[in-house]
Amino acid sequence: MGIEYIDLYNKSKVFIHKGISNRNESDMSEFLLWASLSLEILGKATLAYVHPSLVVDPNDPKGLLVACGYKKHDDFKTIQAKTVFDRLQTSLSITKFDQKKREFCMSLANKRNAELHSGLLPFDGIRLEAILPQLWEVCVILLEFQNKRLEEWIGKDEATRAIQIIDDHSAILKTIVESRVESYRQEYIKKYSTTPPMIKYVLDEDEELITCPSCNNEAIAHGELNDKEHIEDSDDSPWYSVFKCFYDITEVHCWYCDLKLNGYEEVTIVIDEPEFTKLVEEEPDYDYDYGND
C-alpha cells in the first residue's frame, strides 16, 4: 500500500466520529482518546496534503519510496506525534498554528500515550469545556489548510455547535485580553504620572519593537518565522546572502508597563498588524541534518 492524503483525511474523520459517538453515550474519556488520535492523523493528513514524504520517517528509505509512489507496501514507519506537530508549526509555518497550539496538541498526545501505555487514566475528570474550544479551533486551522470545511469533517450539526464553542471562547478571550490591556494602562499611569522610565531593549533576530497597546511605549514583539525570500547577495561577503524574513507575532512583552500577550490569538485581539519583516544576512545552510524532526 502507499500513503495517500485522502486516506489519512478519511481515517481522521472515522476516528473523530467514533469519539463523538462515545461522547453521545456520555463516555467523555473515550471521546478524548479518539479525538486525540484523530487530531494526530489530521495533522499527518495536513502534511501529506503538501507531500506524503512529510509523513514518513526520513530514516526509513522504504517509507520515502512509498511516499514518492515508487513502491507499495506497508512495511514502513511514519513520524511520531511530536514530529507531526513540530513540522506543522515550523516547516509549514501555518500562521494560526503557533507555539501554544503545538503545546496543546502535544499535551493531548501525551495524555493519549499515558492512556494507552500505562496504568494511568489521564482523561478521567477532564472538563470538556477546557478542551473543546482549543480542539475544534486547531481542527479548523488544519482543515482550512487542506481547503476543507469543518462541516465536511464532522457534519453540519456538529460543526455548528463546534463553531459556537469557538466563538464563545474567542469572545471570552477578547474580553480578558482587553481588560488586561486596560488594567496595565491604568497601573502605568498611576506609577509614571510624570516621567516614564528609560528602557533600552536588546533584540534577538526573531524580535522587533512595536507600540505597546497599553502604554504606547515600545514593546518587544517575538515572532515565529513564516517565510523568507532571497533579496540579494551580500556586499560584504561572497558567502552570505540577504534574506527578507517574514514573522508572525506570537508574543508581546512591554518592559514599561509589563503587559504580556501570549499566543497569536491574543496578539491579534489588540495588535492591528500582527506581523513584521526583517532583513537578515546569513550563510546558506548546505550541511543538512537528516534527523527526524
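Helix α8 contributes the most to the lining of the largest pocket, with 5 residues. The model is predicted.

**Largest pocket**

- The space in the largest pocket comes to about 310 Å³.
- The lining consists of 15 residues, and those closest to the pocket centre are Lys96, Glu137, Ile166, Ser170 and Glu265.
- At least two lining residues come from each of α6, α8 and α9 (264–270).
- Sorted by class, the lining holds 7 nonpolar, 6 charged and 2 polar residues.

**Packing of α6 and α8**

- Two packed helices are described by the angle between their axes and by the distance between those axes.
- For α6 (residues 128–145) and α8 (residues 156–191), the angle is about 110° and the axes lie 9 Å apart.
- Angles of 65 to 115 degrees count as roughly perpendicular, so α6 is roughly perpendicular to α8.
- The crossing of these two helices, α6 and α8, is left-handed.

**Residues at the helix contact**

- On the α6 side, the contact involves Leu132, Pro133, Trp136, Glu137 and Val140.
- By class, the contact of α6 with α8 has 8 nonpolar residues, 1 polar residue and 1 charged residue.

**Where the two topics meet**

Terms used:
Residues numbered from 1 in each chain as written. Predicted model: local features only at pLDDT ≥ 70, side-chain atom pairs only at ≥ 80, totals over all residues. Heavy atoms only, no water. Axes fitted to C-alpha atoms, helices over the stretch in contact; angles between N-to-C directions. Helix = DSSP H or I, 4+ residues; strand = E, 2+ residues; numbered from the N terminus. Parallel < 35°, antiparallel > 145°, perpendicular 65-115°, else oblique. Left-handed = near helix turned anticlockwise from the far one by under 90°. Contact = heavy atoms within 4.5 Å. Nonpolar A, V, L, I, M, F, W, Y, C, P; charged D, E, K, R; others polar. 1 Å grid on protein atoms, 1.4 Å probe; cavity = no way out; pocket = protein on both sides within 12 Å on 5 of 7 lines; lining within 4 Å. Points joined across faces, edges and corners; volume = space filled by probe spheres on them.
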